[in-house]
Amino acid sequence: MTDELQQEENVTPEETAEVASEETVEVDETAGVEETAEAVAPAPIPVPTGRPVQTVGRRKEAVVRVRLVPGNGGFKLNGKSLEQYFPNKVHQQLIKEPLVTVERVESFDVLATLHGGGPSGQAGALRMAIARALVAYEAEDRPALKKAGMLTRDAREKERKKYGLKKARKAPQYSKR
């Protein structure tokens, strides 16, 4: 490359060395900046508009897989409607809470597969899965959902029964004689 530059422009070898060193310095500086920027903040994966978002939520022994699809606010939980699957109004309110928080109740249809645990654990897992799906769909919703505590996994689970005890900690009545 240096021979070509000298022949075309009649430049001295010292000048071509200076030009070549400047070019490499510029390339090295920009490469270092790009690497540090990527290491500090990875870019979120964009979800194409109109595509379903799939997430998982867990609570106690319940595991819920949710598919969030643009729609008109319908729920399909194991083939049933929200009112059929969760007749308790408290559970219904708990499940709709993430959609109400980001004001998108009528924007998405929720398709979910629920298994394990009981109604309370499944409702909590569904709430978390919906919140995660909303964040995956629109990253700007994360601060509101995080502040409301919907993205935090509730790790409390039932303690196992110990031998010699009636339950996890309840001992049989003590008899002195």
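R59 is buried in this predicted model, with a relative accessible area of 14%. The residue sits in strand β1, which covers residues 53-59. Leaving out residues up to four places away in sequence, R59 touches G121, G124, A125, R153, D154 and R156.

**The chain as a whole**

- The chain contains 6 helices and 4 strands.
- Read from the N terminus, the elements follow the order α-α-β-β-β-α-α-β-α-α.
- The chain has 177 residues, and 25% of them count as buried.
- The accessible surface of the chain is about 12,700 Å², and 52% of that surface belongs to carbon and sulfur atoms.
- Among contacts between residues at least 6 apart in sequence, 64% join residues at least 24 apart.

**Helix α5**

- Helix α5 runs over residues 119-137, which makes 19 residues.
- From its first C-alpha to its last, α5 reaches 27 Å, close to the 27 Å expected at 1.5 Å a residue.
- Helix α5 is mostly covered, since 15 of its 19 residues are buried.

**The largest nonpolar core**

- In soluble globular proteins, nonpolar side chains tend to be buried together.
- The largest nonpolar core here has 29 residues, and L126 and I130 touch the most other members.
- Elements that each supply at least two residues of this core are β2 (62-70), β3 (75-77), α4 (89-101), β4 and α5.
- Helix α5 gives the largest share of this core, 10 residues.
- I130 touches V66, F75, I95, P98, L99 and V110, when residues up to four places away in sequence are not counted.

**L114 in strand β4**

- L114 has its place in strand β4.
- L114 counts as buried because its relative accessibility is 5%, and the cut-off for buried is under 20%.
- Apart from neighbours within four places in sequence, L114 is in contact with V63, V64, L77, N78, Y85, F86, Q122 and L126.
- L114 and R58 are 56 residues apart along the chain, and their C-alpha atoms are separated by 9.9 Å.

**Aromatic pairs**

- The count of aromatic pairs comes to 2.
- One of these is the edge-to-face pair of Y85 and F86, with 5.1 Å centre to centre and 65° between the planes.
- Y85 counts as partly exposed, at 22% relative accessibility, whereas F86 counts as buried, at 2%.
- F108 and Y137 also form an edge-to-face pair, with 4.9 Å centre to centre and 80° between the planes.
- F108 lies in strand β4 (residues 108-115) and Y137 in helix α5, so this pair ties together parts that are 29 residues apart in sequence.
- F108 is buried, with a relative accessible area of 4%.
- Y137 is buried too, with a relative accessible area of 19%, which is under the 20% cut-off.

- D141 is placed in the loop between α5 and α6, where α6 covers residues 142-147.
- D141 is buried, with a relative accessible area of 9%.
- Leaving aside neighbours within four places in sequence, D141 is in contact with V102, R104 and L134.

**E159, after helix α6**

- E159 lies in the segment after α6.
- E159 counts as partly exposed because its relative accessibility is 38%, and partly exposed lies between the 20% cut-off for buried and the 50% cut-off for exposed.
- The side chains of E159 and K162 are joined by a polar contact of 2.7 Å.
- E159 touches A168 and R169, not counting residues up to four places away in sequence.
- E159 and R169 are 10 residues apart in sequence, and their C-alpha atoms are 8.9 Å apart in space.

Conventions:
Residues are numbered from 1 along each chain as its sequence is written. This is a predicted model: local features need pLDDT of at least 70, side-chain atom pairs count only at pLDDT 80 or more; totals for chains, interfaces and linings use all residues. Side-chain values use heavy atoms; hydrogens and water are left out. The expected span of a helix is 1.5 Å times one less than its number of residues. Buried means under 20% relative accessible area, exposed over 50%, partly exposed in between (1.4 Å probe, protein chains only). Rings of Phe, Tyr and Trp (its six-membered ring) pair if their centres lie within 6.5 Å; planes under 30 degrees apart count as stacked, over 60 as edge-to-face and the rest as tilted. A nonpolar core is a set of buried Ala, Val, Leu, Ile, Met, Phe, Trp, Tyr and Cys residues joined through side-chain atoms within 4.5 Å. Contact means heavy atoms within 4.5 Å. A polar contact is a pair of N or O atoms within 3.5 Å; within protein, one must be able to donate a hydrogen and the other to accept it, and residues adjacent in sequence count only if both atoms are side-chain atoms. Accessible areas come from the Shrake-Rupley method with a 1.4 Å probe; for residues, only the protein chains shown count as cover.
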